[in-house]
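Start with its metal site and go on to its strands, cores and helices.

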Amino acid sequence: MRVAAGLILAGAMSVALTGAAWSQTPAAKPAAAPATTPAAATSPAAPAPAAAAAAPAGFVNPPPPKQPPQPARAACNTPGALGVARTVEIDTTGGPGFGFEHFKELDFLRDKEVVLTFDDGPWPRNTPAVLKALADECTTGIFFIIGKHATYEPEILKQVYAAGHTVGAHTWSHANLNNKKLNEAQRKDEIEKGFAAVKWALGGISPAPFFRFPALQHPPEMVTYLGNRNVASFSCDIDSFDFKASKPEKIVETVMKKLDAKGKGIILMHDFQKHTAEALPELLKRLKAGGYKVVAMRAKFPASTLPEYDQELLKDLKLPTVSQRPVNSVVTTVSE
Ligand SMILES: [Zn+2]
């Protein structure tokens with residue numbers, strides 16, 4: 001496996017981790033899209049999410065924000081496009097888990113149905129190429145965003161949202177939350193700051209309460225924490241291993257081979273990946289030719305971020321507030 005220097009996903013030791021990687025200090029602003037992301041071993045089965053277990057006393061769970069509905073996907077003008085066969089709405093109360101690699105409770109997909117998922121973006125050139133491939137086939141997916149990357153490329157993330165794709169979170173800095181060096185507070189920080197960064201990049205619009213653990217590593221206490229925060233955990237059924245594919249064709253072969261064997265599933269890919277962006281048009285054609293149907297997953301209510309993380313994000317990164325207007329055009333004293 002090749003590791004490009006300076007990347008958030010560059011790994012000291014990267015053999016045998018599933019899905020995408022582990023914590024490294026985030027990459028510098030993207031100059032060029034990386035060639036690879038780390039590989040990975042199968043992680044142990046995750047604990048069943050504590051279904052609707054009552055949150056511990058004193059647990060703060062802000063209500064979901066009221067926000068305008070997400071823009072609908074553009075009308076499809078491509079005859080014979082893959083399209084979207086079914087849209088399901090997910091009530092994430094109690095933190096359900098999806099993806100049989102780790103969560104075996106919710107078998108909601110019918111035969112030949114797939115959910116397309118993309119991790120580690122947004123990233124220059126690759127994410128827009130993935131968006132184009134999805135648009136060309138009038139179809140959709142879920143994007144699990146790295147908070148830091150969202151602060152680098154907010155405009156690309158806004159395009160993902162404006163195109164009607166579901167946006168979830170994937171930690172602040174792609175930390176492996178099973179890393180023993182991290183204490184519980186640091187793990188919580190990674191989760192909450194990730195959601196706050198995605199909301200900031202979307203101009204204050206909250207993403208779906210959908211979360212994927214980096215490297216598909218699920219520390220039980222954090223699965224329970226997400227349950228108490230009414231956030232769904234997403235593993236997968238079919239890992240494309242696109243991060244170690246030397247060429248796009250390899251990704252198509254890997255996915256189709258596993259899919260033909262399983263018959264349906266949540267497919268894990270990386271829009272961070274150049275090869276994935278190149279492989280996607282062909283993969284979507286193969287899905288269509290194989291009679292597979294895409295299911296869109298959206299959330300019943302948006303994620304609620306924690307105010308202290310919204311503020312910390314602005315402070316830490318000296319990020320501009322959403323509005324750039326001068327204080328006196330924003331603030332008018334009406335009585336004193
Ligand atoms: Zn990842």
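How are the donor residues of the zinc ion spaced in sequence? Their pattern is D-x49-H-x3-H. The zinc ion is coordinated by Asp120 through OD and by His170 and His174 through NE2, at 2.0 to 2.1 Å. Donors here are N, O and S atoms within 2.8 Å of the metal (3.2 Å for Na, K and Ca), and water is not among the atoms, so sites may look incomplete. His170 is buried, with a relative accessible area of 1%, and His174 is buried as well, with 0%. Buried means under 20% relative accessible area, exposed over 50%, and partly exposed in between, with a 1.4 Å probe and protein chains only.

This is a predicted model, in which local features need pLDDT of at least 70 and side-chain atom pairs count only at pLDDT 80 or more, while totals for chains, interfaces and linings use all residues. Residues are numbered from 1 along each chain as its sequence is written, and side-chain values use heavy atoms, leaving out hydrogens and water.

The chain has nine helices and 10 strands; these are DSSP runs, numbered from the N terminus (helices are H or I, at least four residues; strands are E, at least two). Of its 336 residues, 54% are buried. Among contacts with a separation of 6 or more, 80% come from residues 24 or more positions apart, where contact means heavy atoms within 4.5 Å.

Strand E1 covers residues 86–90, and its side chains alternate. E1 runs parallel to strand E10 (residues 293–299), with five bridges joining the two. Strands pair if DSSP finds at least two bridges between them. Val88 has Met297 as its bridge partner in E10.

The largest nonpolar core has 58 residues, and Leu116, Leu157, Phe211, Leu280 and Leu287 have the most contacts inside it. Helix H4 (residues 184–201) gives the most to this core, with seven residues. Apart from it lies another core of 15 residues, including Val88 and Val295. A nonpolar core is a set of buried Ala, Val, Leu, Ile, Met, Phe, Trp, Tyr and Cys residues joined through side-chain atoms within 4.5 Å. Leu116 touches residues including Leu134, Ile267, Leu284 and Val294, not counting residues up to four places away in sequence.

H4 also packs against other helices. Helix H3 (residues 154–162) meets H4 at an angle of about 85°, with axes 9 Å apart, which makes H3 roughly perpendicular to H4. Axes are lines fitted to C-alpha atoms, for helices over the stretch in contact, and angles run from 0 to 180 degrees between N-to-C directions. Angles under 35 degrees count as roughly parallel, over 145 as roughly antiparallel, 65 to 115 as roughly perpendicular and the rest as oblique. Pro154, Leu157 and Lys158 in H3 meet Val198, Trp200 and Ala201 in H4. With helix H8 (residues 307–316), H4 packs at about 75°, the axes again being 9 Å apart, so H4 and H8 are roughly perpendicular. Trp200 of H4 and Leu313 of H8 are among the residues making that contact.

Helices H1 (residues 126–136) and H7 (residues 274–289) have axes that come within 8 Å and cross at roughly 5°, so H1 is roughly parallel to H7. The residues in contact include Ala129 and Leu134 of H1, and Leu280 and Leu284 of H7.
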